[in-house]
Amino acid sequence: MGTGASKNMEDGTNDSEEREEGHSGGQLYVSLKMENYRLKGELLPHVYGSVPLIGSWDSSKALSMERESASMWELSFVVPPNHETLDFKFLLKSKYSNTPCVVEEGPNRLLTGGTLEGDARLAVFRLNADEVVEYRVFIKADRVSPFDLAASWRAYQENLQPSTVRGIPDVSINSMPQMGAEEMEVIVPDTSSVCSGSGMVESKSVGTFSPLQKQDHRGLFVDRGVGSPRLVKSASASTFSSDLKLDTETKNTMPAAAGAVAAAAVADQMLGPKEHRHLAIVLVGLPARGKTFTAAKLTRYLRWLGHDTKHFNVGKYRRLKHGTNQSADFFRADNPEGLDARNEVAALAMEDMISWMQEGGQVGIFDATNSTRQRRNMLMKMAEGNCKIIFLETICNDERIIERNIRLKIQQSPDYAEEPDFVAGMQDFRDRLANYERVYEPVEEGSYIKMIDMVSGYGGQIQVNNISGYLPGRIVFFLVNTHLTPRPILLTRHGESRDNVRARIGGDSVLSDAGEIYAKKLAHFVEKRLKSERAASIWTSTLQRTILTASPIVAFPKIQWRALDEINAGVCDGMTYEEIKRNMPEEYESRKKDKLRYRYPRGESYLDVIQRLEPVIIELERQRAPVVVISHQAVLRALYAYFADRPLKEIPHIEVPLHTIIEIQMGVTGVQEKRYKLMD
């Protein structure tokens, strides 16, 4: 027979006292376990119930339990004080198919303020008229203070790699000295692995989706139970030390960025289930819907933020293995040889992506049609235990855009490089497209993002299902603001300043005589280049050398961005590099050793600049008209690196000379660059 258990955190306190203390001093940490569970086909243990656990008693939105050991499945979560009455049941359902679920028999289980109502009982499931299975379940509730929740970060301090700059870690967590008190073991929950609801989110106006929310609409944090930190806590509740040994794989998933990005990496990758440390964005959609273009833009954006990202194009695998001369018949669903061949190369690409992740890669972009549920189920099974999959489906109903994309395919795709007859190539591609359309199944399973008529940049919808965490949120926010409208972006440094002449860094000086000449030449160039662009705008920093450079331009509105200010040199502001070398030799050597990560004392690093420039990048992606950005060397290096897809380590060394315009042309075929030198 099975047992159920409910435990109050403080022995000797009655229920009313404990509830009152809990509301003011902590949150309820609930652990649900199922013992001696054996798989029945594809059926896996799940939990569903009332708000805030999962909501609406909808079995399709049930939370899956995760395997804790060979005989134990577990689901744990933190519940806010205003939702401490939980009404729930266990059920068995398939993770990959639409097989009917099996709900446990008996009344609902009710947990109020950490106390289980009624008698403990087994979880009984009737699989069919002749087969009934029973499992032991354990239900445990503890009060956890905000201090305890925050302490889960401490467990990973040993894993955070120090920077090469002055030996300062990119992320550090202060710990208090040992108090020598008697110690006891407690489990501290993972508050960063957020359980998102399955409700659909639609955004019909660009920029309305909020991606930074770490807590879902129920106010519920969920810990899947895999890799949760085990801490040793002293009775004084002030000292923590870690007995957790992390593998080297986690170290490789830390991004080469600082601040919010690094904090999110700790929270989303290291405290969550092992497979959530790696993310697979699996493209879904019919041909000529902009999948590869979207994949390339997303890859460039994530790399720029510091996440190790790689684009896996299944079409390249197919061409390497089966050649480029496959006709439309190869893509018929009733062609078993073609179907097996396409599934084989998709599996090969997926295996390569997983291997790359195991070697340290973080985000894989899996680019293929993946247009059937059977193919997507295959990928989900391969990903299980290795990475988290988010499907990204691109849907386009604009026939003009589809026709344009088809023509670009015939002109640019290696599949038609050996086809001299453009009309014949068009017909073959249309036949291929028809083969996919006959069997196409929209995504309705797992975590997914649907982009519906978003490519034009005018209206459209983005639908989000079961998405949570910092990085997936950033991806959604980026996709909301991206489109294919061609337009130029002009990048230029301010005209030469008086501090430039004196070789002094930072400051807020006015222009030199040469700088004033450049300002006039720039105005003439911009007004001539953009004379037909009524909606163009001029962006500057808040420092007067950029504002003065922009002042002769009268045809377009000007916008000042503090985010475009030059890198903050801190205590070195106004000094020359020779003065820094003479007076602060250690700082000079630290900067020389690692310019990317080096942070001026009381100032910024290049990584800090990248983070504050993210809103600028998002707005540049959102703009449909030309933009002229007049800024500073470090800032323009970071912006240029985004468009040119340059590695982070190269950013401090990119050449951005004075009195030169870099024109970035953004359009359907990607990013192209031109440079105009207006003065020697």
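## Helices α7 and α8

Helices α7 and α8 cross in a right-handed sense. This is a predicted model. Helix α7 spans residues 336-358, and its axis comes within 11 Å of the axis of α8. The two axes cross at roughly 30°. Angles under 35 degrees count as roughly parallel, so α7 is roughly parallel to α8.

Which residues of α7 meet α8? On the α7 side they are R342, N343, A346, A347, M350, E351 and I354. On the α8 side they are R375, M378, L379, M382 and A383. By class, this contact has eight nonpolar residues, one polar and three charged.

## Helices α5 and α11

The crossing is right-handed.

Helix α5 brings T294, K297, L298, Y301 and L302 to the contact. Helix α11 brings L471, R474, I475, F478 and L479. Seven of the contact residues are nonpolar, one is polar and two are charged.

## Nonpolar cores

How many residues does the largest nonpolar core have? It has 68. I281 and L639 have the most contacts inside this core. Setting aside neighbours within four places in sequence, L639 is in contact with L491, L564, L613, V616, I617 and V629.

A second core is separate and has 42 residues. Among them are F366, A383, Y416 and Y448. A383 also takes part in the contact between α7 and α8.

## Two residues with positive phi

Most residues other than glycine have a negative phi. N370 is not a glycine, yet its phi is positive, near 45°. N370 sits in the loop between β19 (363-367) and α8 (373-383). Is N370 buried or exposed? N370 has 0% relative accessibility, so it counts as buried.

R602 is not a glycine either, and its phi is positive at about 65°. The loop between α16 (585-593) and α17 (606-622) holds R602. R602 has a relative accessible area of 77%. Exposed means over 50%, so R602 is exposed.

## A buried loop serine

Where does S413 lie? S413 is in the loop between α9 (399-412) and α10 (422-439). The relative accessible area of S413 is 14%. Buried means under 20%, so S413 is buried despite its place in a loop. Not counting residues up to four places away in sequence, S413 touches R319 and L408.

## The protein as a whole

The protein has 18 helices and 28 strands. Buried residues make up 55% of its 680 residues. What share of the contacts with a separation of 6 or more comes from residues 24 or more positions apart? Such pairs account for 72% of these contacts.

How values were computed. Residues are numbered from 1 along each chain as its sequence is written. This is a predicted model: local features need pLDDT of at least 70, side-chain atom pairs count only at pLDDT 80 or more; totals for chains, interfaces and linings use all residues. Side-chain values use heavy atoms; hydrogens and water are left out. A crossing is left-handed if the near helix is turned anticlockwise from the far one by less than a right angle, and right-handed if clockwise. Helices (H or I, at least four residues) and strands (E, at least two) are DSSP runs, numbered from the N terminus. Contact means heavy atoms within 4.5 Å. Ala, Val, Leu, Ile, Met, Phe, Trp, Tyr, Cys and Pro count as nonpolar, Asp, Glu, Lys and Arg as charged, and the others, Gly among them, as polar. Buried means under 20% relative accessible area, exposed over 50%, partly exposed in between (1.4 Å probe, protein chains only). A nonpolar core is a set of buried Ala, Val, Leu, Ile, Met, Phe, Trp, Tyr and Cys residues joined through side-chain atoms within 4.5 Å. Axes are lines fitted to C-alpha atoms, for helices over the stretch in contact, and angles run from 0 to 180 degrees between N-to-C directions. Angles under 35 degrees count as roughly parallel, over 145 as roughly antiparallel, 65 to 115 as roughly perpendicular and the rest as oblique.
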